[in-house]
Structure formats: structure tokens, C-alpha cells
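Q: I would like to learn how to read this structure one feature at a time. Could we begin with the terms that are needed to follow its pockets and elements?

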Amino acid sequence: MSQTFTKEEVAKKNGKNGNDCWLIIKNSVYDVTGYLKEHPGGDDLILEWGGKDGTKAFNDFGHSSDALKDLKKLKIGELAEEIKVPKQL
């Protein structure tokens, strides 16, 4: 069973002050802390969405199939049911 997190828990992991960096994409929670230095677009792009829902930004940019594979490896759980937002088609 996948671990669930509240939006408030994710918000605390915003990557600021050496904090872990988590983000939400399509109601899944990802720990991207170790990926920050590897991100081809630089860590600033990820840190902008640290602790938040980056679904729209992620979709708007358009990522490669390799990026999607990397993202799957970083998944640590899901948002708790009561606070999920509708998935964008």
C-alpha cells in the first residue's frame, strides 16, 4: 500500500534552508531532493514548486519519456483522499 501525505506535510518539504524537497504531480508525492542537482533545467525550476502542486507546470513544459521514467523512481506516495484535486486530462 502506498503511503499517503497531507498537503500540509508536503508543504513543509519545500527545499528551503536545506530542507528536503517534495512536490505533488497529479496527486502523487515525489521526493526530488536527490534529483535537484541532476535536473537538466537546473534546481531553481524544481525549487519553485517545492512543497506545492507542480502538475500544471510539469504538464506545460512537456517532459521526455526518460524524464517520466526518472519521476516514477522518485515517487514516495499519494495525497490523502480528502484533499486530492481533479486530475487534468
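A: A helix is a DSSP run of at least four residues, a strand is a run of at least two, and both are numbered from the N terminus. The model here is a predicted one. With those labels in hand, one can say that H4 gives the most to the lining of the largest pocket, with 5 residues.

Q: How many helices and strands does the chain have, and what pattern do they follow along the sequence?
A: The chain holds 4 helices and 4 strands, and when these are read along the sequence they give the pattern β-α-β-β-α-α-α-β.

Q: Which residues lie nearest the centre of the largest pocket, and which elements give two or more residues to its lining?
A: The lining is made up of 22 residues, and those nearest the centre of the pocket are His39, Leu45, Ile46, Phe58 and His63. Two or more residues come from each of E2, helix H2 (43-47), helix H3 (55-61) and helix H4 (65-74). The volume of this largest pocket is about 500 Å³.

Q: How many aromatic pairs does a search of the whole structure find, and what kind of pair do the rings of Phe5 and Trp22 form?
A: The search finds 1 aromatic pair. Ring planes over 60 degrees apart count as edge-to-face, and because the planes of Phe5 and Trp22 stand at 65°, with the ring centres 4.9 Å apart, this pair is edge-to-face. Phe5 belongs to strand E1 (residues 4-5) and Trp22 to strand E2 (residues 22-25), so the pair ties together parts that are 17 residues apart in sequence.

Q: Are Phe5 and Trp22 buried or exposed?
A: Buried means a relative accessible area under 20%. Phe5, at 7%, is therefore buried, and Trp22, at 11%, is buried as well. For the chain as a whole, 33% of the 89 residues count as buried.

Q: What is the phi of Lys26, and what is that of Asn27?
A: Lys26 is not a glycine, and yet its phi is positive, at about 50°; Asn27, also a residue other than glycine, has a positive phi near 70°. Lys26 lies in the loop between E2 and strand E3 (28-31), and Asn27 has its place in the loop between E2 and E3. As for accessibility, Lys26 counts as partly exposed at 38%, whereas Asn27 counts as buried at 3%.

Q: Where does Asp53 lie, and how far apart are the C-alpha atoms of Asp53 and Ala11?
A: Asp53 is found in the loop between H2 and H3, and with a relative accessibility of 25% it counts as partly exposed. Although Asp53 and Ala11 are 42 residues apart along the chain, their C-alpha atoms are separated by 9.3 Å. For the chain in general, among contacts with a separation of 6 or more, 66% are between residues 24 or more positions apart.

Q: What does the accessible surface of the chain come to?
A: The accessible surface comes to about 6,000 Å², and carbon and sulfur atoms account for 53% of it.

Notes
Residues numbered from 1 in each chain as written. Predicted model: local features only at pLDDT ≥ 70, side-chain atom pairs only at ≥ 80, totals over all residues. Heavy atoms only, no water. Phe/Tyr/Trp six-rings, centres within 6.5 Å; stacked < 30°, edge-to-face > 60°. Buried < 20%, exposed > 50% of the residue type's maximum accessible area, 1.4 Å probe, protein only. Contact = heavy atoms within 4.5 Å. Areas by Shrake-Rupley, 256 points an atom, 1.4 Å probe, with all protein chains shown as cover. 1 Å grid on protein atoms, 1.4 Å probe; cavity = no way out; pocket = protein on both sides within 12 Å on 5 of 7 lines; lining within 4 Å. Points joined across faces, edges and corners; volume = space filled by probe spheres on them.
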